[in-house]
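Biologist: Can you walk me through this model? I'll ask as we go.

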Amino acid sequence: MWRSHLARSLHQHRNQPEARFLQLATIGLDQRPRNRTVVFRGFLENSDRLKIVTDNRSQKVAQIVANPYAEINWYFPKTRSQFRILGKLILINQESADVELQSARKAAWQSLSEPARIQFSWAHPREAKSIDSLEITPPDLNQPLDSFSLLLLEPIEIDRLELRGAPQNRWLYLRDAQGDWTEQEVNP
Ligand SMILES: Cc1cc2nc3c(=O)[nH]c(=O)nc-3n(C[C@H](O)[C@H](O)[C@H](O)COP(=O)(O)O)c2cc1C
């Protein structure tokens, strides 16, 4: 299954924090693509959902509300593997009513470093730069700021390319209506 291959790549890069940076593409409100780097924060317990944290006020959040489809692209140099994960993003902000997901949001807030938490009290992202925008008071560990959201990417389709070998190797993983995965080896 794709999860074991991804786990292997992550393990091989366990001493390289930058291996947890991945590219997250969404659809802009103008239907044009938007892409940015984010940090992988692990999987939600007992699920295939990838955790990402972000600022509620960032452009991606409005894009996700309008269209939850997104694709991750993730390349691991040591294993020479690329994972393209198509899925739907689930937004968990201060208004989300689901108790379990709300507690996952709080846990994600608590597991951030303090400098990372402080960023959520900065001035509104992408607005004209203001001189007093750099708040440095540490926010409450037990109360995520309203600007803090947890994003969960629920995978639908995975395209795994292994550069090692001639020819290269490529697999598609598709999730069926029951939530089970099927695997197919394809031409690279
Ligand atoms: C190495 C790196 C890691 C980043 N990690 C995150 C992250 O985890 N979450 C996030 O929202 N933005 C992260 N960013 C910033 C985004 O790339 C982006 O600039 C920001 O989220 C605003 O994007 P948007 O306007 O498309 O919403 C990171 C940037 C870099 C360079």
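Biologist: Where is Pro 167 placed?
Modeller: Pro 167 sits in the loop between strand 6 (148-162) and strand 7 (169-175). Strands here are DSSP runs of E, at least two residues; helices are runs of H or I, at least four residues; both are numbered from the N terminus. This is a predicted model, where local features need pLDDT of at least 70, side-chain atom pairs count only at pLDDT 80 or more, and totals for chains, interfaces and linings use all residues. Residues are numbered from 1 along each chain as its sequence is written.

Biologist: What is the peptide bond from Ala 166 to Pro 167, cis or trans?
Modeller: The bond is cis, with omega near 5°. Most peptide bonds are trans.

Biologist: How do strand 6 and strand 7 run?
Modeller: Strand 6 and strand 7 run antiparallel, joined by six bridges. Pairing of two strands takes at least two DSSP bridges. Ile 158 stands opposite Tyr 173 of strand 7. The hairpin has six residues between the strands, and Gly 165 there takes a positive phi near 105°.

Biologist: And what about strand 7 and strand 8, parallel or antiparallel?
Modeller: Strand 7 pairs with strand 8 (residues 181-186) in the antiparallel sense, over six bridges. Leu 172 is opposite Gln 184 in strand 8. Five residues lie between these strands in their hairpin, and Gly 179 in the turn has a positive phi of about 90°.

Biologist: Is Gln 31 buried or exposed?
Modeller: Exposed, because Gln 31 has 8 C-beta neighbours inside 10 Å. The count is of other C-beta atoms within 10 Å, placed from the backbone: 20 or more is buried, 12 or fewer is exposed, and in between is partly exposed.

Biologist: What is phi at Asn 46?
Modeller: Positive, about 55°, although Asn 46 is not a glycine. Asn 46 lies in the loop between strand 2 and strand 3 (50-55). Asn 46 counts as exposed because it has 6 C-beta neighbours inside 10 Å.

Biologist: New topic, the core. Which residues touch the most other members of the largest nonpolar core?
Modeller: Ile 52, Leu 89, Leu 150, Leu 151, Leu 152 and Leu 153, out of 24 residues in that core. At least two residues each come from strand 3, strand 4 (69-76), strand 5 (81-92), helix 3 (99-110) and strand 6. Strand 6 gives the most, with six residues. A nonpolar core is a set of buried Ala, Val, Leu, Ile, Met, Phe, Trp, Tyr and Cys residues joined through C-beta atoms within 7 Å.

Biologist: What is Leu 89 in contact with?
Modeller: Leaving aside neighbours within four places in sequence, Leu 89 is in contact with Ile 64, Pro 68, Ala 70, Leu 151, Leu 152 and Leu 153. Contact means C-beta atoms, placed from the backbone, within 7 Å.

Biologist: Now the ligand. Which residues are closest?
Modeller: Arg 36, Thr 54, Ser 58, Gln 59 and Lys 60, among 14 residues surrounding the ligand. A residue qualifies if its C-beta atom, placed from the backbone, lies within 6 Å.

Biologist: Which strand gives the most to that shell?
Modeller: Strand 2, with five residues. Strand 2, strand 3 and helix 2 (59-66) each supply at least two. The shell divides into five nonpolar, four polar and five charged residues. Here Ala, Val, Leu, Ile, Met, Phe, Trp, Tyr, Cys and Pro count as nonpolar, Asp, Glu, Lys and Arg as charged, and the others, Gly among them, as polar.

Biologist: Last one. How many helices and strands does the protein chain have?
Modeller: Four helices and eight strands. Of its 188 residues, 21% count as buried.

Terms used. Contact = placed C-beta atoms within 7 Å.
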